[in-house]
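Biologist: Please take a close look at one part of this model, the aromatic cluster. Then place that part in its surroundings.

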Amino acid sequence: MNARDQLTVENFISTGMELETLYTCFPDFPKEEISEIYSRYKANQENLNNEVTNISINCS
């Protein structure tokens, strides 16, 4: 799968699409690659959420 295809899958994931739906939408792509992209995207989102909650701002 090329970089453009990976970005397309990531865009679909960002809209809330679940893994089984991705398999249906992209039947020509290997399920293993879709699963890897999905897992990586979800892990990155979780890391971002954790980082955001650890930020403190001093406005004084």
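Modeller: Phe12, Phe26 and Phe29 are linked into a cluster by ring pairs. Rings of Phe, Tyr and Trp (its six-membered ring) pair if their centres lie within 6.5 Å; planes under 30 degrees apart are stacked, over 60 edge-to-face, and the rest tilted. This is a predicted model, where local features need pLDDT of at least 70, side-chain atom pairs count only at pLDDT 80 or more, and totals for chains, interfaces and linings use all residues. Residues are numbered from 1 along each chain as its sequence is written, and side-chain values use heavy atoms, with hydrogens and water left out.

Two aromatic pairs turn up in a search of the whole structure. One joins Phe12 and Phe26: the ring centres are 5.0 Å apart and the planes stand at 75°, so this pair is edge-to-face. Phe12 belongs to helix H1, while Phe26 is in the loop between H2 and H3, so the pair ties together parts 14 residues apart in sequence. Helices here are DSSP runs (H or I, at least four residues), strands likewise (E, at least two), numbered from the N terminus.

The other pair is Phe26 with Phe29. Their rings are stacked, 5.3 Å centre to centre, with 10° between the planes. A pair of aromatic rings is described by the distance of the centres and the angle of the planes.

How buried or exposed are the members? Buried means under 20% relative accessible area, exposed over 50%, and partly exposed in between (1.4 Å probe, protein chains only). Phe12 has a relative accessible area of 30%, so Phe12 is partly exposed. Phe26, at 11%, counts as buried. Phe29 is buried, as is Phe26.

Now the contacts of Phe29. Contact means heavy atoms within 4.5 Å. Setting aside neighbours within four places in sequence, Phe29 touches Met1, Asp5, Val9 and Ile34.

Phe26 and Phe29 are among the eleven residues of the largest nonpolar core, along with Val9, Ile13, Met17, Leu22, Tyr23, Ile34, Ile37, Tyr38 and Tyr41. Helices H1 (3–14), H2 (19–25) and H3 (31–53) each give two or more residues to this core. H3 provides the largest share, four residues. A nonpolar core is a set of buried Ala, Val, Leu, Ile, Met, Phe, Trp, Tyr and Cys residues joined through side-chain atoms within 4.5 Å. In soluble globular proteins, nonpolar side chains tend to be buried together.

Beyond neighbours within four places in sequence, Ser35 contacts Leu19 and Tyr23. Ser35 is in helix H3 and, at 23% relative accessibility, counts as partly exposed. From Ser35 to Glu20 is 9.4 Å, C-alpha to C-alpha, across 15 residues of sequence.

Last, the chain as a whole. The protein chain has three helices and zero strands. Of its 60 residues, 18% count as buried. Contacts between residues at least 6 apart in sequence include 43% that join residues at least 24 apart.
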